[in-house]
Amino acid sequence: MPSAYDVLFRTLADPTRRALFERLCRQGEQTVGALTARSGVSQPAVSKHLGVLKRAGLVRDRHHGRQTHYSAQFGALAPLIDWTSQMAGFWQGRFDRLEDLLKRMDQ
Amino acid sequence: MTNIATEALSVVVEREIPFPPEKIWRALTQPHLIDEWLMKNDFAPVVDHRFKFSAAWGSVDCQVMAVEPNKTLSYSWGGYGLGTIVTWTLSPTGTGTLLRMEQTGFRPDQQQAYQGAKAGWPRFFANLEQVLARID
């Protein structure tokens with residue numbers, strides 16, 4: 001059973017998928033057609049990537065007429081933001097220890 | 001808003017330290033000194049050198065990527081398990097050194113490392129929480 005981290009990291013590790021997700025973050029909701037036009041890959045490939053993003057909770061789809069619109073779900077990034085704040089805390093602590101060491105070192 | 005997912009995976013810690021770069025460089029690159037503030041290790045300041053940081057909660061596989069004495073040092077952190085890169089930059093100031101640590105993940109040039117990332121991350125997070133609880 002993959003963890004939430006597993007799924008997120010694996011999903012965002014693919015550069016094409018990450019680019020699609022980032023475009024949705026920056027530009028808001030878009031159709032598959034619009035995303036394909038600037039992605040450099042085929043529409044089936046874009047759809048497949050969007051499916052993976054959707055399963056990871058990173059995008060949501062909305063059907064309108066014959067079009068499917070996708071939008072980014074920022075909340076799904078929360079575990080990554082937790083990761084950065086954890087790591088930041090880890091390194092702050094290490095910086096403190098480094099400074100202590102430097103005070104003790106010769107010259 | 002440049003690169004949201006990548007930014008979410010970057011950690012930067014920067015601090016002005018009242019010692020010259022040469023002294024800080026020693027603490028960053030001599031194994032017995034690294035032991036004292038970071039973790040046990042078999043580091044050597046040689047590009048491509050593979051080494052481990054070890055702690056009670058486990059170990060981190062690393063490889064040296066760049067060494068420019070007294071200026072910059074970078075190594076992969078976690079290699080196949082974690083896939084981030086830690087880069088240290090030392091800039092002399094009038095009274096000491098501006099020391100910057102940047103840890104980044106998931107850059108396109110690191111794809112290979114991420115293929116094997118599935119197993120390593122969750123274990124690392126679990127361990128890290130214990131570490132952070134101890135450090136406080």
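In what order do the elements of chain A run from the N terminus on? They go α-α-β-α-α-β-β-α, which comes to five helices and three strands. Keep in mind as we go that this is a predicted model, and that the predictor gives the complex an ipTM of 0.70 and a pTM of 0.62.

Let us stay with chain A for a while. The chain has 107 residues, of which 27% are buried. Among its contacts between residues at least 6 apart in sequence, 52% join residues at least 24 apart. The mean pLDDT of chain A is 85, with 93% of its residues at 70 or more.

Chain A holds an open sheet of three strands, ordered β1-β3-β2, with antiparallel pairing. Strands β1 (30-31) and β2 are at the edges, and each has a single partner strand, so one side of each lacks a neighbour in the sheet. Follow the pairing of β2, residues 59-64, with β3, residues 67-72: six bridges join these antiparallel strands of chain A. You can trace this pairing residue by residue. A:Val59 has A:Ala72 as its bridge partner in β3(A), A:Asp61 has A:Tyr70, and A:His64 has A:Gln67. The hairpin of β2(A) and β3(A) has two residues between the strands, and here A:Gly65 takes a positive phi near 60 degrees. On the other pairing, β1(A) meets β3(A) in the antiparallel sense over two bridges, and A:Thr31 has A:His69 as its bridge partner in β3(A).

Now look for the helix that goes with this sheet. Helix α2(A) lies across β1, β2 and β3 of chain A, and runs at about 85 degrees to β3(A).

Which residues have the most contacts inside the largest nonpolar core? They are A:Leu20, A:Phe21, A:Leu53, A:Leu58 and A:Val59, in a core of 31 residues. Both chains contribute: α1 (4-13), α2 (15-27), α4 (43-55), β3 and α5 (78-104) of chain A each supply at least two residues, as do β4 (58-68), β5 (72-77) and β6 (84-92) of chain B. Leaving aside residues up to four places away in sequence, A:Leu20 touches A:Leu35, A:Ser39, A:Val46, A:His49, A:Leu50 and A:Leu53. There is also a second, separate core of ten residues, which includes A:Leu102, B:Trp25, B:Ala27 and B:Leu28.

Among the contacts in chain B between residues at least 6 apart in sequence, 41% join residues at least 24 apart.

Helix α2 of chain B, residues 21-29, is worth a stop. Its buried residues are B:Pro21, B:Ile24, B:Trp25, B:Ala27 and B:Leu28.

Finally, how confident is the predictor along chain B? Its mean pLDDT is 75, and 65% of its residues reach 70 or more. Confidence in chain B is highest in strand β2 (residues 40-41), at 94, and lowest in helix α6 (residues 117-135), at a mean of 41. Over residues 106-136 of chain B the pLDDT is below 50, and this stretch has 56 contacts in the model beyond near neighbours in sequence.

Note on methods
Residues numbered from 1 in each chain as written. Chains lettered and ligands numbered in written order. Predicted model: local features only at pLDDT ≥ 70, side-chain atom pairs only at ≥ 80, totals over all residues. Helix = DSSP H or I, 4+ residues; strand = E, 2+ residues; numbered from the N terminus. Buried ≥ 20, exposed ≤ 12 C-beta atoms within 10 Å, placed from the backbone. Contact = placed C-beta atoms within 7 Å. pLDDT = per-residue confidence, 0-100. Pairing = 2+ DSSP bridges. Core = buried A, V, L, I, M, F, W, Y, C linked by C-beta atoms within 7 Å. Axes fitted to C-alpha atoms, helices over the stretch in contact; angles between N-to-C directions.
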